[in-house]
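Work through the exercises below with the sequence and the model at hand. Each task is followed by a solution in steps.

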Amino acid sequence: MFTEKNLQQIHNHGLSEAKVLRQLQIFKEGIPFANVVEPASVDNGIAVFSKREQQDFDKLFEAKKDKLDLLKFVPASGAATRMFKFLHQFLEHYDYKNVDIDVFLQQEENKNLKIFFDSIDNFAFSYLVKEKLEAKYSNFENLEKGKRYYFFVKEMLEETGLNFSNTPKGLVPFHKYSENYVTAFGEQLYEAAFYASSNGIANLHFTVSAEHEEKFKKRYEEIQEIVEKKTGVKFKISYSFQKKETDTVAATLENKAFLDENGNLVFRPSGHGALLENLNDVDADIVFIKNIDNVVSQSYAEKIAFQKKVLAGKLLSLQKKIFGFVEKLHSINVSQEILMEAATFIAEQLLIKDTSINKEEILKILERPIRICGVVENTGAPGGGPFLIKDKNGNLSYQIVEMSQIDTNNPKQKELIDKATHFNPVDLVCGVRNYKGEKYDLLQFSDPDAGFISNKSYHGKPIKALELPGLWNGAMAKWNTIFVEVPLITFNPVKTVNDLLNPVHQLQ
């Protein structure tokens, strides 16, 4: 069904014809929705640690960390474009020559704009924009207000200015301390020093777009001396890109391969699930995973670090028990008593019920990567959360489930979603090695059925796009998962520029 040119394209993309045909088959068959049984809640899938327990886990991690390989893994390929959506609309719709700015900002649909302009001096990047404007226009401060605002936003976003529209979110100035601005990238380094450093060295891995790698490296050169002096920690930073072979083919609405005007197949990035390949390429005893924009100003860093160390301590405690059982189960003579103990542990600690009292079945459960997932109380933010789900074989497990995986048109499923008490902030601490210290092949623990299909457009034509199972939902579906409630202070994403006005992003 493919032309020679198409087959060459597939080959050049690092894919096989069979893989692309399978993707087209998925479009035809559709992807089944997750079968939610109930939302996880406190003491029903979500652990809440007492102050004493938190302190004990923190101490356990602190006592062990200098003997461990630690790594912080930060997905950072996102562009900042969406952060500035309402500012782009301002440039499109505001006519400073004919419309009074105060009247314009009073309109209900422009309330975010009003907040932005009323608080303009509280943004870390404002002085950079003003410096450029004052160099360009000697009388900038004397211009009419509407014109000043328009020029300010234009200077921020467009290529002739600071070009934030085409800047990675990780390199937008988030915070300002005295004379220096700090980006989300810089804050991730600073924060890592408090919990992801071992023997005075912090290892960080950022997944970035290939075209932005040099920008990250340049920024690190600019701040290296400052952040090392401030933290007393040396940083080792590595980068990777989403692999071309994780792209998926676009389809027509009739589920055929979509061809562009030149008869070429169209491939699209397959979402953050593609980063499973990147995660699989790194190796450490403990991997902390956190999104690039979920940072706070430095006065809060130790509070955040404490919560990370609590989760890491829980991971170490759990691993010790699991590794102990696995070692015993790999011995020649395994007593019924050990099997019963292991099955009870699986039911009570891993919350996996009805495990067969069988050595192979028990080992199959225990010999998996482990993740401790911090979850926060649901404040209405869009995104996934912790749920108990039933798979196609009738097995129950606790999973992070994205809303796109749930059939919200099904009244019973919708009712269960509405009862959800907690949200997934992407706050993961992962153990990716087995009891012998060997790295698991993480690709073996993904659920290929947990991706999703979305409707997109290509040059104005409707297409279907296929996303791989998300990194923290389907890609980790077969990991052993523990949910732990963490404070809301740990969740501070910057989805729009006005989020930078929240107290945790302002200098205290």
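**Exercise 1.** At what angle do helix α9 and helix α10 pack, and how far apart are their axes?

Solution. The model is a predicted one. Step one is to locate the helices: α9 covers residues 184-195 and α10 covers residues 213-231. Step two is the geometry: the angle is about 35°, and the axes lie 10 Å apart. Step three is the hand, and the crossing of α9 and α10 is right-handed. Step four is the contact itself: α9 contributes F185, G186, L189, Y190 and A193, which meet F216, R219, Y220, I223, V227, K230 and T231 of α10. Sorted by class, the residues of this contact are eight nonpolar, two polar and two charged.

**Exercise 2.** Describe how α4 packs against α8, and classify the angle.

Solution. Helix α4 spans residues 85-93 and helix α8 spans residues 145-157. The two pack at about 125° with their axes 10 Å apart. Angles of 65 to 115 degrees count as roughly perpendicular and those over 145 as roughly antiparallel, so α4 is oblique to α8. The crossing in which α4 passes α8 is left-handed. On the α4 side the contact is made by L87, H88, F90 and L91, and on the α8 side by Y149, Y150, V153, K154, M156 and L157. The contact of α4 with α8 comprises eight nonpolar residues, one polar and one charged.

**Exercise 3.** Which strand order does the open sheet of three strands have, and in what sense do the strands pair?

Solution. The order is β1-β14-β15, and the pairing is antiparallel. β1 (35-39) and β15 (396-401) are the edge strands; each has a single partner strand, so one side of each has no neighbour in the sheet. On average, neighbouring strands here are turned by 45° against each other, direction ignored. Finally, helix α15 (residues 411-418) lies across β1 and β14 and runs at about 35° to β1.

**Exercise 4.** Where in the chain do the two residues of the salt bridge between R433 and D69 lie?

Solution. The side chains of R433 and D69 form a salt bridge with an N to O distance of 3.2 Å, within the 4 Å limit. R433 belongs to the loop between β17 (427-431) and β18 (452-458), while D69 belongs to the loop between α3 (51-64) and β4 (70-75). The pair therefore ties together parts 364 residues apart in sequence. The model's count of salt bridges is 28.

Conventions: Residues numbered from 1 in each chain as written. Predicted model: local features only at pLDDT ≥ 70, side-chain atom pairs only at ≥ 80, totals over all residues. Heavy atoms only, no water. Axes fitted to C-alpha atoms, helices over the stretch in contact; angles between N-to-C directions. Helix = DSSP H or I, 4+ residues; strand = E, 2+ residues; numbered from the N terminus. Parallel < 35°, antiparallel > 145°, perpendicular 65-115°, else oblique. Left-handed = near helix turned anticlockwise from the far one by under 90°. Contact = heavy atoms within 4.5 Å. Nonpolar A, V, L, I, M, F, W, Y, C, P; charged D, E, K, R; others polar. Pairing = 2+ DSSP bridges.
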